[in-house]
Every structure is written in C-alpha cells, then in structure tokens.
Amino acid sequence: MNRDYIFDLLNQQIAKEQYAAQLYLSMSAWFLEQDLDGIANYFRVQSKEELMHSEKFFDYLNDIGGKIVLQEVKQPPHDFKDALEIFEKALEHEKLVTKSIFDIVKAANDAGDYSTAAFLQWFVNEQVEEEANASQLISKIKMVKDNPSALYLFDQELAKRVFVAE
Ligand SMILES: [Fe+2]
Ligand SMILES: [Fe+2]
C-alpha cells in the first residue's frame, strides 16, 4: 500500500487544525476587546482543543511512519462585525473541517488504509459535536444579543468552560 497521498492529506490536516486554533484565538481576542471575557474564554478553550487535534494528527502520522512536513498557516481574520457573525463563521469553519475529515476517510478507505480510517472515526464523532455546539451558540446569541442582561448571563455561562486534555 502506497500511503504517500494519505501522508500528504494528514500533513494538510495538521495545518487545518492549526488554522482553526488561530481562528478561534483571533475570535477570543475580539471578545476580550468587547469585555465579554466569558465568550473569549470559550474560544480560548476551543483554540486549545484545535491545537490538541493538530497534535493527534501529528502523533498519528509519526506512528504510521509518515514524514511530518509542517505547512504554512494563513493569517486568520480579525475584523468581525458582531458576535453573531463570529458564531456563524465558527460553524462555517467546522463544516469545512468536517468535509476535510470525510475526504480523508474516503481516501483512506479507497486506499485500503483501514488503520487511518479507524483513527479518523474519533474525528468524525468529534465533528458531530463541534457542529452541534456551534449551531447551539448561534441560536443562543440570537436570543440574547439585543438584551444586555441576557448577554451578561450568557457570557457568565461561557466563562465556565475549561480545557480538558485528552
Ligand atoms: Fe478540530
Ligand atoms: Fe473544531
């Protein structure tokens, strides 16, 4: 089995997860500027999770004897219109990542690389959760955005999120 193509896709996925980490850190910074430290915390934790994802790919690629070739990670956006736009962009990004994971699952199955397909199953499940969380945040921000005291409570709720390493 020639795994070069799979190795390449896994290297690209490391960069995609790193980009997601950058994107969420940039979103965290925006919320800090608005003094919404709880929502900023949520995105800070999200950013750390994405770095952990990139490291899972990094370790897996090494385990299967692939050459790790770190890629350039592009600059994330930093100008956002409002909180709703950020939550919508977060969901949009998660959908892109889901598609990317599915593409690697397909390539792995096509190549008969069942260990990579099995490894990716964790990410397939994770993406279901990521998209569900992002969708729920969009609904919630729509409910609270024009109501300062509700926004305050929403911010407090998101302040509670803590990073849990796998
Ligand atoms: Fe991720
Ligand atoms: Fe994610």
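**Stop one: the helix with Glu17**

Select Glu17, and you'll land in helix H1, residues 4-33 (helices are DSSP runs of H or I, at least four residues, numbered from the N terminus). Before going on, note that this is a predicted model, where local features need pLDDT of at least 70, side-chain atom pairs count only at pLDDT 80 or more, and totals for chains, interfaces and linings use all residues. Residues are numbered from 1 along each chain as its sequence is written, chains are lettered from A and ligands numbered from 1 in the order in which they are written, and side-chain values use heavy atoms, with hydrogens and water left out.

Is Glu17 buried or exposed? Its relative accessible area is 1%, so it is buried (buried is under 20%, exposed over 50%, partly exposed in between, with a 1.4 Å probe and protein chains only). Show its contacts (heavy atoms within 4.5 Å): leaving aside neighbours within four places in sequence, they include Glu50, His53 and Phe123.

**Stop two: Glu50**

Hop to Glu50, in helix H2, residues 37-63. Glu50 is buried as well, at a relative accessible area of 2%. Beyond residues up to four places away in sequence, Glu50 touches Glu17, Ala20, Ala21, Tyr24, Glu94 and Glu130.

**Stop three: the iron ions**

Now pick the iron ion (ligand 2). Which residues coordinate it? Glu50 (OE), Glu94 (OE), Glu94 (OE) and Glu130 (OE) do, at 2.0 to 2.6 Å. Donors here are N, O and S atoms within 2.8 Å of the metal (3.2 Å for Na, K and Ca), and water is not among the atoms, so sites may look incomplete.

The four donor atoms around the iron ion (ligand 2) subtend angles of 53 to 148 degrees, which makes the arrangement irregular; four donors count as tetrahedral if all angles lie between 85 and 135 degrees, four count as square planar and six as octahedral if opposite donors are over 155 degrees apart and all others between 65 and 115, and anything else is irregular.

Glu50 in helix H2 and Glu94 in helix H3 (residues 83-110) are 44 residues apart, linking distant parts of the chain. Glu94 is buried too, with a relative accessible area of 2%.

Terms used. Helices (H or I, at least four residues) and strands (E, at least two) are DSSP runs, numbered from the N terminus.
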